[in-house]
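Biologist: Please take a close look at one helix and its surroundings. Which residues are buried there, and what covers them?

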Amino acid sequence: MHIYIIVEWENRSQKKRILLPDPKYNDTLVTRFVNDLMVSGKKSLSYKIFYDALEIVEKKTENEELKALEIWKKALEKITPAVEVRSRRVGGATFQIPQPVRDSRKVSISIKNMIGFARKRSGRSMSEKLAAEIVAAYNEEGGAYKKKEDTHRMAEANKAYSHFRF
């Protein structure tokens, strides 16, 4: 005799956690960025790195009429990908299929790319490296911007396989 238990999932998706805005600029996007920048739970250090980076950006772009926070937001926009490629196996062959990116994932990708390429840069402190990456992204150059361009190029090259989308 077998007993079958039927489990119905009403809400499979996890609840989104509400992020509190940061203390200086009162912006939740800054908090999200700082959370990704944080290593080993050291949030206060992460905030210090971010705020110092914005001060360095302010000094580097004095001739711009925008504030450092707006320059950072514009830089994030410029490195945000619209499409990405995902691997899909069809009949023994693996295809790279271009797909549009969800809005929440767009922000996550751009934040992670900016932080990742800032960490790879050569420089004295993390705030200087992050500031250099922000300025580079704002000027449409640097590693994070190049990554976005490569992703778009790959999606364009594999446009023929978009009918395999799942």
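Modeller: In helix H3 (residues 68-78), the buried residues are Ala-68, Leu-69, Ile-71, Trp-72, Ala-75 and Leu-76. They span an arc of only 160° around the axis, so they sit on the same side of H3. The arc is taken over the directions from the helix axis to the C-beta atoms. Buried means under 20% relative accessible area, exposed over 50%, and partly exposed in between (1.4 Å probe, protein chains only). Helices (H or I, at least four residues) and strands (E, at least two) are DSSP runs, numbered from the N terminus.

This is a predicted model: local features need pLDDT of at least 70, side-chain atom pairs count only at pLDDT 80 or more, and totals for chains, interfaces and linings use all residues. Residues are numbered from 1 along each chain as its sequence is written, and side-chain values use heavy atoms, with hydrogens and water left out.

The cover over the buried residues of H3 includes helix H1 (28-37), helix H2 (43-60), helix H4 (103-120) and helix H5 (126-138). Contact here means heavy atoms within 4.5 Å.

Take H2 next. Its axis and that of H3 come within 9 Å and cross at roughly 100°. H2 is therefore roughly perpendicular to H3. Axes are lines fitted to C-alpha atoms, for helices over the stretch in contact, and angles run from 0 to 180 degrees between N-to-C directions. Angles under 35 degrees count as roughly parallel, over 145 as roughly antiparallel, 65 to 115 as roughly perpendicular and the rest as oblique. From H2, Phe-50, Leu-54, Val-57 and Glu-58 meet Ala-68, Leu-69, Ile-71 and Trp-72 of H3. By class, this contact has 7 nonpolar, no polar and 1 charged residues. Ala, Val, Leu, Ile, Met, Phe, Trp, Tyr, Cys and Pro count as nonpolar, Asp, Glu, Lys and Arg as charged, and the others, Gly among them, as polar.

Now the loop leading in. Leu-66 lies between H2 and H3. It is partly exposed, with a relative accessible area of 22%. Beyond its neighbours within four places in sequence, Leu-66 contacts Glu-58, Ile-71 and Tyr-138.

Asp-27 counts as buried, at 12% relative accessibility. Setting aside residues up to four places away in sequence, Asp-27 touches Pro-21, Asp-22, Leu-69 and Lys-73.

H1 has its own buried set: Val-30, Thr-31, Phe-33, Val-34 and Leu-37. These cover an arc of only 165° around the axis, which puts them on the same side of H1. Their cover includes H2, H3, H4 and H5. Leu-37 touches Ser-46, Ile-49, Phe-50, Ile-115, Arg-119, Met-126 and Leu-130, not counting residues up to four places away in sequence.

Finally, the core. The largest nonpolar core has 31 residues, and those with the most contacts inside it are Phe-33, Leu-37, Phe-50, Trp-72, Met-114, Leu-130 and Ile-134. Two or more residues come from each of H1, H2, H3, H4, H5 and helix H6 (143-157). Such a core is a set of buried Ala, Val, Leu, Ile, Met, Phe, Trp, Tyr and Cys residues joined through side-chain atoms within 4.5 Å.
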